[in-house]
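Trainee: I have a structure to get to know, and I would like to understand the words used for it. Could we go through them together?

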Amino acid sequence: MTELRVVEEDFINLNPLQTGGRTTPDVRKAVNSFIDGYSVCDWCLGDVNTIKNPDIQGLRDDIGKFLGADEVILTNGCREAKYAVMQAVCKKGGKVLADVNRHYSTDVAAELAGLKMEFVQNSGSPEFKIRAEDYAKRIDEVSPDLVLLTHVDGNYGNVADAAKVGAICRKKGVPFILNAAYSAGRMLVDNKKIRADFIACSGHKSWAVGGGNIGLLGVNNDFKDKVLKRSSEYKNKILGILGCSARGSSAVALLNSFPSVKKRVKDWGKEVKNAQWFANKMLSINGVELIGENPHQHDLMQFSTPVFYEISQKHKKKGYFLYKFLEEKGVRGLKAGRTKNFKVSTYGLGMEKLKYVFEVFREAAKL
Ligand SMILES: *Cc1c(COP(=O)(O)O)cnc(C)c1O
């Protein structure tokens, strides 16, 4: 048998990919009991989205209200949600205008849909911010079929002004998809304010969902028929996600995590405060710089850390010294071998653990 994974049990985990997907005990129990194939399909009438036992239909309705989206469907991650929209909304060989801070899955989805990518640049070093107003000019230059904004990017943890981009897209009459992989589920994302036509979310990244892959696509009424179009032969099956998408233990995980997600988004202000405390403390270590928005507005942050690189040049464990040192102190989540710069997430850790983690970094800088 594979060795059991104990990262959440035995360590403080800083891996930005994992902190927002960390599961509750309820989710873990539910996932186990629905682990077998097609487990949610006992009472299915032809579409996973309308199953009432377990209540996936009710879950989608609740999440629709939570996100301010008219209709929500389950997808295989945020990436499939983006692909489903791109292939349905854009004309053949058309263009998607996105921010340069986008995730690679945006490019891959566009490539598979046969679309060309155009970009809105960021402000460059050290903040790499996306300025919402730059979208207006680029929309005029490019005439895209679809505009995409990465609400919070995975490199710098910058929070873009989604409502401003939403207003620009409305004014210009271009469909707008918000990539909320690092935002919705952590913070409240209210599409009544943002007015995106589509919201793509990641369950395993930001909705405390383990048990495999799941995402969400929120679609507003104007685009429902186009994006949720059914197969001509199989009237229950949505074409853009190949009929039925995420289901089984992933769907049940989301069903059981959603109550805790609804609660936890109310603590976002506290999460940001903790993140800012941690970022500022790290900046007190010799030569450390924040790469991204400062003051920081998100738990994901990137640091430039020449001090650790210098130590690695002399240390017998070379670039691995930092990972090893942290591991010995019960801290995981940095990429092994990295010292020059790295990303961490402070999400859900609370001040006591963050204070400890900072002390561990401070000690490491003295090696
Ligand atoms: C992780 C990430 C994704 C991919 O999410 P999946 O749910 O795994 O498809 C997309 N966009 C951003 C910005 C991400 O950080």
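This is a predicted model: local features need pLDDT of at least 70, side-chain atom pairs count only at pLDDT 80 or more; totals for chains, interfaces and linings use all residues.

Trainee: Which residues are closest to the ligand, and how many surround it?

Mentor: There are 13 residues around the ligand, and Cys78, Arg79, Asn179, Ser202 and Lys205 are the closest.

Trainee: How much of the ligand does the protein bury?

Mentor: The ligand alone exposes 380 Å², and the protein buries 95% of that.

Trainee: How do you know where the ligand sits?

Mentor: The test is that more than half of its atoms lie within 2 Å of the grid points of a pocket. By that test, the ligand sits in the largest pocket.

Trainee: Which helices each supply at least two residues of the shell around the ligand?

Mentor: They are helix H4 (77–89) and helix H9 (203–206). H4 gives the most, with four residues. By kind, the shell has three nonpolar, seven polar and three charged residues.

Trainee: Why is the pair of Lys91 and Asp145 called a salt bridge?

Mentor: A side-chain nitrogen of Lys or Arg has to be within 4 Å of a carboxyl oxygen of Asp or Glu. The closest N and O atoms of Lys91 and Asp145 are 3.1 Å apart, so the pair qualifies. Lys91 is in the loop between H4 and strand E3 (95–99), and Asp145 is in the loop between helix H6 (134–142) and strand E5 (146–150), so the pair ties together parts that are 54 residues apart in sequence. In the whole structure, the search finds 21 salt bridges.

Trainee: What is omega for the cis peptide bond from Ser125 to Pro126?

Mentor: Omega is near 0° for that bond. Pro126 is in the loop between strand E4 (116–120) and H6. The peptide bond from Asn294 to Pro295 is cis too, with omega near 5°. Pro295 belongs to the loop between strand E9 (289–291) and strand E10 (300–304).

Trainee: And what is phi for Ser143?

Mentor: Ser143 has a positive phi of about 50°, although it is not a glycine. Ser143 is found in the loop between H6 and E5.

Methods. Residues are numbered from 1 along each chain as its sequence is written. Side-chain values use heavy atoms; hydrogens and water are left out. A residue is near a molecule or strand if one of its heavy atoms lies within 4 Å of it. Accessible areas come from the Shrake-Rupley method with a 1.4 Å probe; for residues, only the protein chains shown count as cover. On a 1 Å grid over the protein atoms alone, a cavity is a set of points where a 1.4 Å probe fits but cannot get out, and a pocket is an open set with protein on both sides within 12 Å along at least five of seven lines; lining residues have an atom within 4 Å of a point. Ala, Val, Leu, Ile, Met, Phe, Trp, Tyr, Cys and Pro count as nonpolar, Asp, Glu, Lys and Arg as charged, and the others, Gly among them, as polar.
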